[in-house]
Amino acid sequence: MSEACTHDCSSCHSNCDHRAPQHEPPHARSRIQKVIGVVSGKGGVGKSMTSAMLAVSMRRLGFKAGVLDADITGPSIPRLFGVKGPATGDGESINPVTSRTGIEIMSINLLLEDPEAPVVWRGPVIAGAVKQFWQEVVWDVDFLFVDMPPGTGDVPLTVFQTLPVDGIVIVSSPQELVGMIVGKAVQMAQMMHVPILGLVENMSYVQCPDCGKHINVFGDSHVDEIAAKYQLPVLAKMPIDPELAKEADAGMIEVFAGEYLDNAAQTVAKLLKK
């Protein structure tokens, strides 16, 4: 640790013992086999959509799945699944809300009286809420996906240090600018000694409904270059799909029949065999 250490790892690039994770146990009645973080360097790339679809894909493979919505100030997981609160509890624990197909979900919106009320909290309070979702919620899942807020600030740091994350999936979009931001997410994971399972490029293209041609709406993809630079696999290139957007807006993401993340789901599933 540097003599000038401020104990604020979010603004430090040193790889010291202070940064080493000090994982905290989940609730005593929880059963969680693997924890998968879904991260992005910036907002608006479809991280929550990817988290939700990964949980759906794992459920279709026969696993029990859950989503911990760590994006406290911008929670969207309940809307994607069409679930509402309030979540129930007994004063010492909280029960996750279960979706149509049995996916367990916990989000700040399931605890608020008004789901549209803004969460105007400072970083430490937000990080504390994420810890509560880990320590006070009784999970029974094979795979718990943590939908993290964008960037490399308080909440991602809290998740990496508090939860025993078995791997992360990094979500990006085709713009070249995003490539630089992805690099920050990759390097943070490496600094925190968290395995990176691979990259998912969202909004990669749109398919013409008449001729089937792939149209690069946001320009040429750079995900293969980024993957090669950091020696990471590309798990999926997800198109802009109006049907997916429609089902998501209706809270019916579980009925979407697309198989865009099947390869990513198979990669995640392999973690149980190790």
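User: How accessible is lysine 237, and in which class does that place the residue?

Analyst: This is a predicted model, so the values belong to computed coordinates. Residues under 20% relative accessible area are classed as buried and those over 50% as exposed, with partly exposed in between. Lysine 237 has a relative accessibility of 35% and therefore counts as partly exposed.

User: Which residue does lysine 237 form a salt bridge with, and where do the two partners lie?

Analyst: In general, side chains of opposite charge can pair when their charged atoms come close. Here the partner of lysine 237 is aspartate 224, with the closest N and O atoms 2.9 Å apart. Lysine 237 belongs to strand 10 and aspartate 224 to helix 6, and the pair links distant parts of the chain, 13 residues apart. Aspartate 224 is also partly exposed, its relative accessible area being 45%.

User: How many salt bridges does the structure hold, and what do the pairs of lysine 131 and lysine 34 link?

Analyst: The structure holds seven salt bridges. In one of them, lysine 131 meets glutamate 24, with 3.7 Å between the closest N and O atoms. Lysine 131 sits in helix 3 (residues 123-135) and glutamate 24 in the segment before strand 1, so that distant parts of the chain, 107 residues apart, are linked. Both partners are partly exposed, lysine 131 at 29% and glutamate 24 at 25%. In another, aspartate 166 and lysine 34 meet at 3.9 Å, N to O. Because aspartate 166 lies in the loop between helix 4 (154-162) and strand 6 while lysine 34 lies in strand 1, this pair ties together parts that are 132 residues apart in sequence. Aspartate 166 is partly exposed at 24%, whereas lysine 34 is buried at 17%.

User: Which residues are linked in a network of salt bridges?

Analyst: The network links Arg31, Lys64, Asp140 and Asp142.

User: Turning to the sheet, in what order do the strands run, and which strands are at the edges?

Analyst: Eight strands form an open sheet with mixed pairing, in the order 3-4-2-5-1-6-7-10. The edge strands, each of which pairs on one side only, are strand 3 (97-98) and strand 10 (234-237).

User: What packs on the sheet?

Analyst: Helix 1 (residues 47-60) does, touching strand 1 (31-39), strand 2, strand 5, strand 6 (167-172) and strand 7 (196-201), and its direction makes about 165 degrees with that of strand 5. Helix 6 (residues 223-230) packs on the sheet as well, where it touches strand 6, strand 7 and strand 10, and its direction makes about 170 degrees with that of strand 10.

User: How does strand 2 pair with strand 5 and with strand 4, and is strand 2 buried or exposed?

Analyst: Strand 2 (residues 65-69) pairs with strand 5 (residues 140-147) in the parallel sense over five bridges. Phenylalanine 143 is the bridge partner of alanine 65, and aspartate 69 stands opposite aspartate 147. The pairing of strand 2 with strand 4 (residues 104-106) is likewise parallel, over three bridges, and here glycine 66 has glutamate 104 as its bridge partner. Five of the five residues of strand 2 are buried, so the strand is largely enclosed by the rest of the structure. Ala65, Val67 and Asp69 point one way, and Gly66 and Leu68 the other way.

User: How many residues of helix 4 are buried?

Analyst: Seven of its nine residues are buried, so helix 4 is mostly covered. Among them are Val155, Leu157, Val159 and Phe160.

Conventions. Residues are numbered from 1 along each chain as its sequence is written. This is a predicted model: local features need pLDDT of at least 70, side-chain atom pairs count only at pLDDT 80 or more; totals for chains, interfaces and linings use all residues. Side-chain values use heavy atoms; hydrogens and water are left out. Two strands pair if DSSP finds at least two bridges between them. Helices (H or I, at least four residues) and strands (E, at least two) are DSSP runs, numbered from the N terminus. Contact means heavy atoms within 4.5 Å. Axes are lines fitted to C-alpha atoms, for helices over the stretch in contact, and angles run from 0 to 180 degrees between N-to-C directions. A salt bridge is a side-chain nitrogen of Lys or Arg within 4 Å of a carboxyl oxygen of Asp or Glu. Buried means under 20% relative accessible area, exposed over 50%, partly exposed in between (1.4 Å probe, protein chains only).
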